[in-house]
Amino acid sequence: MSHPIKDLMDSSIQNLHQLVDVNTIIGDPITTPDGTTIIPVSKVAFGYGSGGSEFPSSKTPDPFGGGAGAGVTIQPIAFLVIKAGGGVQLLQLATSSNTADKVVNLVPEVIDKITGIVQKSKEEKGAVREEPPITL
């Protein structure tokens with residue numbers, strides 16, 4: 001026979017496991033009529049605690065008292081948008097408060113700007129310059 005606290009913990013953890021799985025973090029894709037696919041992304045945090053005690057007495061040699069508690073927070077943080085034409089974009093719901101997150105979030109924008117500058121430079125170099133005719 002297992003101890004009552006073990007049964008209590010096993011039951012609580014099994015219920016938490018049913019709540020929190022990969023489909024909770026990366027949601028089911030939603031396809032719009034124009035072919036765009038939207039995938040919700042969530043942040044999941046949970047905590048768990050349990051405890052118990054035994055107070056043997058003359059009437060009951062193994063009495064047990066215990067309890068368990070758990071909490072789950074699910075917060076949507078972004079949507080991954082996959083356009084029918086092939087473009088992918090991450091739309092965040094909240095801005096980050098620390099510097100490292102802000103830098104990481106700016107990387108796609110910086111890459112787009114650099115790509116635009118390089119492309120413009122290539123176009124300018126590749127343009128044929130017409131020289132005025134030489135007259136003698």
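Residues 24 or more positions apart account for 47% of the contacts in the protein with a separation of 6 or more, where a contact means heavy atoms within 4.5 Å. The model is a predicted one, in which local features need pLDDT of at least 70 and side-chain atom pairs count only at pLDDT 80 or more, while totals for chains, interfaces and linings use all residues. Residues are numbered from 1 along each chain as its sequence is written, and side-chain values use heavy atoms, with hydrogens and water left out.

The protein contains three helices and four strands, and along the sequence these elements follow the pattern α-α-β-β-β-β-α. Helices (H or I, at least four residues) and strands (E, at least two) are DSSP runs, numbered from the N terminus. Of the 136 residues, 10% count as buried; buried means under 20% relative accessible area, exposed means over 50%, and partly exposed lies in between, with a 1.4 Å probe and protein chains only. The accessible surface comes to about 11000 Å², and 61% of this surface belongs to carbon and sulfur atoms; such areas come from the Shrake-Rupley method with a 1.4 Å probe, and for residues only the protein chains shown count as cover.

The four strands form an open sheet in the order β1-β2-β3-β4, with antiparallel pairing. β1 and β4 stand at the edges, each with a single partner strand, so one side of each is left without a neighbour in the sheet. Strands of a sheet pair through backbone hydrogen bonds, either parallel or antiparallel. Two strands are taken as paired if DSSP finds at least two bridges between them, and the table lists the pairs.

| Strand pair | Sense | Bridges |
|---|---|---|
| β1 (residues 30-31) and β2 (residues 37-53) | antiparallel | two bridges |
| β2 and β3 (residues 65-82) | antiparallel | 17 bridges |
| β3 and β4 (residues 88-92) | antiparallel | five bridges |

Individual residues show how the strands line up. Thr-31 stands opposite Thr-37 in β2, and β1 and β2 form a hairpin with five residues between them, in whose turn Gly-35 has a positive phi of about 95°. Ser-53 stands opposite Gly-65 in β3. Between β3 and β4, Ala-78 has Gln-92 as its bridge partner, and Val-81 stands opposite Gln-89; the hairpin of these two strands has five residues between the strands, and Gly-86 there takes a positive phi near 115°.

Tyr-48 lies in strand β2 and counts as partly exposed, because its relative accessibility is 30%. Not counting residues up to four places away in sequence, Tyr-48 touches Leu-8, Met-9, Ser-12, Ile-13, Leu-16, Ala-68, Gly-69 and Ala-70. The C-alpha atoms of Tyr-48 and Val-72, which are 24 residues apart along the chain, are separated by 8.9 Å.

Helix α3 (residues 99-126) holds Val-110, which counts as partly exposed because its relative accessibility is 42%. Val-110, Ile-114 and Val-118 make a nonpolar surface patch of about 240 Å². Patches are made of residues with over 30% relative accessible area and no salt bridge, joining like charges within 9 Å and nonpolar side chains (Val, Leu, Ile, Met, Phe, Trp, Tyr) within 5 Å; a salt bridge is a side-chain nitrogen of Lys or Arg within 4 Å of a carboxyl oxygen of Asp or Glu.
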